[in-house]
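This report describes selected local features of the structure shown below.

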Amino acid sequence: MGEMSIREGYSRSLVEYAGTNEKVVAVEVDTAASTMSYLFEQKYPERFFNVGIAEPCAVDVGVGLALGGFIPFVNAFAALLALRSLEQIRTCLCYAKTNVKIAASYAGLSDFKDGATHFAVTDIANLRALPNMTVIVPADAAEAAQFVPLVAEHDGPVYFRLSRGAALPVHKTGEPLQIGKGIVRREGDQLTIIATGGMVGRSLKAAEDLAGKGVDARVVEIHTIKPLDKDLIVASASATGAVVTVEEHALIGGLGSAVAEALADACPTPMQRVGIADAFCPTGRDVDGLLDACGLGVKDIVSAAQQVLKRKA
Amino acid sequence: MASLTELEIKQLEETARNIRGDSLRFIHNRGAGHPGGALSAAELLSVLYFQTMRLDPQDPAKETRDRFLLSKGHASAALYAALSRRGFFDAAELEHWGEVTCKHQGHPDRFKTPGVEMTSGILGHGVAVGVGLALAARLTKNPSRTYVLLGDGECQAGIVWEGAVTAAKYRLSNLIVIVDLNDVQLDGPVHEIMPMDHMAERWKACGWYVIEINGHNVRQISEAFDLAKEVHDKPICVIARTTKGKGVSFMENQSYWHGNVPNAEQLKQALSELGLEGK
């Protein structure tokens, strides 16, 4: 309790930034109360467009606004944007290179109470496969807020993956933050834990636990899944000789896959991946309990680290 | 608006005829393309590009220009014909259409072909993208209008109607959709594949101002666009009744010619019927 939710960090920052950049507009799909884009609507009603329950239309309306010189943020649930609107995103954002920002709320398992229909655990895989797309997953509310101007000013489409709830805080407002540049959140030389989104905080906790067991783990945050900071990943893998990836996403196609691809090309390294199994997740009572139940607990990260150390040459 | 002179009508009809001939030559040379829907839209494109829209090929990015979205992107041959004849690029570039080194794509690409406002090809996008463009024009007090050309088969796609109700909600009278209603789609007649009867009523029910015309009559087309400018509280839908494959007897109303290519003999006959043999 007490930590601001990632969606709120994003939304408040967008309202503030829109005060300095009149080109920012928002599109919504009848989820303004959920995505918190209602804050934008209250402040800038003339720059806010609610198209009703029509995610493909919302993306295409954003495309038109971008062609007309604006910087639209399209607000909706990640599950709908990444799946129902995927063709719009592929054709009209990526292929046509339009400057549309997809604010994908309720990502991962963060909508714990609504179940598998509402979870978005394949979205990173869907989106990172598309040329010209940038995929960003902030670790906490402060980072989401600090990313908003960077996302807006980045020239091209962005998939901005946002959790409904709060995450363990890892980012201090004002710390260096750059699209495409990973962040070493903890130094260590025996293995590297590479994490994204809300899993960065959990990975830092796991690193503390490991330190108590005499294992010195580096923690690298990869907030930009695409373009991937291969230099940092390869340097860390090479320096520590073992890698664990951690993500609130399916094991198929997400951060772990992206890291494995990068290392396979440049620096094959023993690896364990912590993520969601190839199955639909159940409804939960709270997000932390659901994450634990779906194999994303701190103990799962610790266990993966211990396993990969056994495979280390 | 002053009505068209007889000379202007003759010129627009001549341009439509040339759009047909160019389209068939481009498709024949490439060995691929979609002749039927290119021929049905020839007069619509002639009036839009040579009469109605404010455009300047010498200043193609001018903010106040009118925008055209070819939502039925498979009619690219007709769009390329109109754009090249309007002076956006040299039609000779299309002699190599289809080769990987030719910049012009099978379906329109906004970065590759000068004058193309938006990449298209997958059906259904034009109305919702047009909504965004029309909203942007309103926000910036830009007098630009957005014209979107749809096929009637395309209207089977649900996103068309998501965009339609959004345009009506925002009363976008700077958005003009034209339905090229030729009643033929890839697999057969539209009224058999998935009937889209009562097309005018559908758009009216969504809150649009509807104008019904003969889509091969350049005077009616021009007057419809003039009338659209007098509408100030609704988006406008021009339902243009057309014939797929118009002007070539063996192509008219035949779904086969949605996406098949005339051979040399068929091209010769088609150009002869169009009065373009040897031109």
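## Basis of the description

The model is predicted.

## A cis peptide bond in chain A

P227(A) is placed in the loop between β10 (224-226) and α10 (230-240) of chain A. The peptide bond that joins K226(A) and P227(A) is cis, with omega about -5°.

## Strands β11 and β12 of chain A

From β11(A) the chain passes through helix α11 (residues 255-266) to reach β12(A), in a β-α-β crossover that is right-handed.

Strand β11 (residues 243-250) of chain A runs parallel to β12(A), and 5 bridges join the two. Within this pairing, V246(A) has V274(A) of β12(A) as its bridge partner.

## Positive phi values in two loops

In chain A, M36(A) belongs to the loop between α2 (32-35) and α3 (38-43). Phi of M36(A) is near 70°, a positive value in a residue other than glycine. M36(A) counts as buried because it has 24 C-beta neighbours inside 10 Å, and the cut-off for buried is 20 or more.

In chain B, N253(B) lies in the loop between β7 (236-241) and α10 (264-273). Phi of N253(B) is also positive, near 65°, and this residue too is other than glycine. N253(B) has 15 C-beta neighbours inside 10 Å and therefore counts as partly exposed.

Notes
Residues numbered from 1 in each chain as written. Chains lettered and ligands numbered in written order. Predicted model: local features only at pLDDT ≥ 70, side-chain atom pairs only at ≥ 80, totals over all residues. Pairing = 2+ DSSP bridges. Helix = DSSP H or I, 4+ residues; strand = E, 2+ residues; numbered from the N terminus. Right-handed = clockwise from strand over helix to strand, strands pointing away. Buried ≥ 20, exposed ≤ 12 C-beta atoms within 10 Å, placed from the backbone.
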